Amino acid sequence: MRIPNVTFKTRIRDESIDGPNPYRWENRTTDQIFLNRNVVLFALPGAFTPTCSSTHLPRYEELHDNFRALGVDEVICLSVNDAFVMFQWRKHQNVKKVTMLPDGSALFTRRMGMLVTKDNLGFGMRSWRYSLYAEDGEILKMFVESGFDDECPVDPFDVSDADTMLEWLTDCVGVKQDAIKAA
């Protein structure tokens, strides 16, 4: 499966802008993010929410260098939130290494087939929790949490975590290295 083609609306720091908000809009396409690159992306229901803030994002930040050591070019946290919310959440969480990617209009999430309604929690449309590994825009592995459904009364968090992805990647790199040695 290929990564869907969308454009994300992001904000980046621009020192040429005066004032308390020195940021400018920058479009970032999926081609820019994924082509000719190895990427781990994890998607979660929302910034500042309990599991996302206490475990999901912090562990990917903590293991970021381990992913890089396995040849991952970028680790991305995606949420159906706008760029301002993602920026503030990054600051609040003291995230320095993981890229925060806002999917404010849920274009990517919808095209991934991962958009769910969480009106039962007052969230509206959100991403289901999952993680993926892609090489050159091709998804090689996805870990999707069980129970995928609109208005899900629980928030499963068993397979999209950083440790599961890291273990899978470590096994894959070992297999690739064994194949190279055998050739």
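Residues are numbered from 1 along each chain as its sequence is written, and side-chain values use heavy atoms, with hydrogens and water left out. Because the model is predicted, local features were considered only at pLDDT of at least 70 and side-chain atom pairs only at pLDDT 80 or more, whereas totals for chains, interfaces and linings use all residues.

The secondary structure of the protein chain amounts to 6 helices and 9 strands, where helices (H or I, at least four residues) and strands (E, at least two) are DSSP runs numbered from the N terminus. The radius of gyration is 17 Å, close to the 16 Å that the globule rule gives for 183 residues, so the chain is as compact as a globular protein of that length; the radius is taken over C-alpha atoms, and the rule is 2.2 Å times the number of residues to the power 0.38. Along the principal axes, the C-alpha atoms fill a box of roughly 55 × 45 × 30 Å. Of the 183 residues, 44% count as buried, a class defined by a relative accessible area under 20%, with exposed meaning over 50% and partly exposed lying in between (1.4 Å probe, protein chains only). Among contacts (heavy atoms within 4.5 Å) between residues at least 6 apart in sequence, 63% join residues at least 24 apart.

In soluble globular proteins, nonpolar side chains tend to be buried together. A nonpolar core is here a set of buried Ala, Val, Leu, Ile, Met, Phe, Trp, Tyr and Cys residues joined through side-chain atoms within 4.5 Å. The largest such core in the model has 23 residues, and those with the most contacts inside it are V40, Y60, F67, C77, W89 and V98. At least two residues of this core are supplied by each of β3 (38-44), α2 (50-62), β4 (74-79), α4 (83-93) and α6 (162-182), and α6 gives the most, with 4 residues. When neighbours within four places in sequence are left aside, F67 is in contact with V40, Y60, V72 and V75, and also with A162, M165, L166 and L169. A second, separate core of 21 residues includes I3, V39, V116 and L132.

Strand β4 is mostly covered, since 6 of its 6 residues are buried. In a regular strand the side chains alternate between the two faces of the sheet. In β4, E74, I76 and L78 point one way while V75, C77 and S79 point the other way, and all are buried.

The structure holds 0 disulfides, a disulfide being a pair of cysteine sulfur atoms within 2.5 Å. For C77, the nearest cysteine sulfur, that of C52, is 7.5 Å away. C77 is buried, with a relative accessible area of 0%, whereas C172 is partly exposed, with a value of 22%.

S160, in the loop between β9 (138-144) and α6, counts as buried because its relative accessibility is 0%. Beyond its neighbours within four places in sequence, S160 is in contact with H56, Y60, R129, Y130, S131, F143 and E145. E26, which lies in strand β2 (residues 23-29), is partly exposed, with a relative accessible area of 28%, and touches F8, K9, T10 and I12 when residues up to four places away in sequence are not counted. F84, in helix α4, counts as partly exposed at 42% relative accessibility. Apart from neighbours within four places in sequence, F84 is in contact with R11, N21 and W25; F84 and A69 are 15 residues apart in sequence and 31 Å apart in space, C-alpha to C-alpha.
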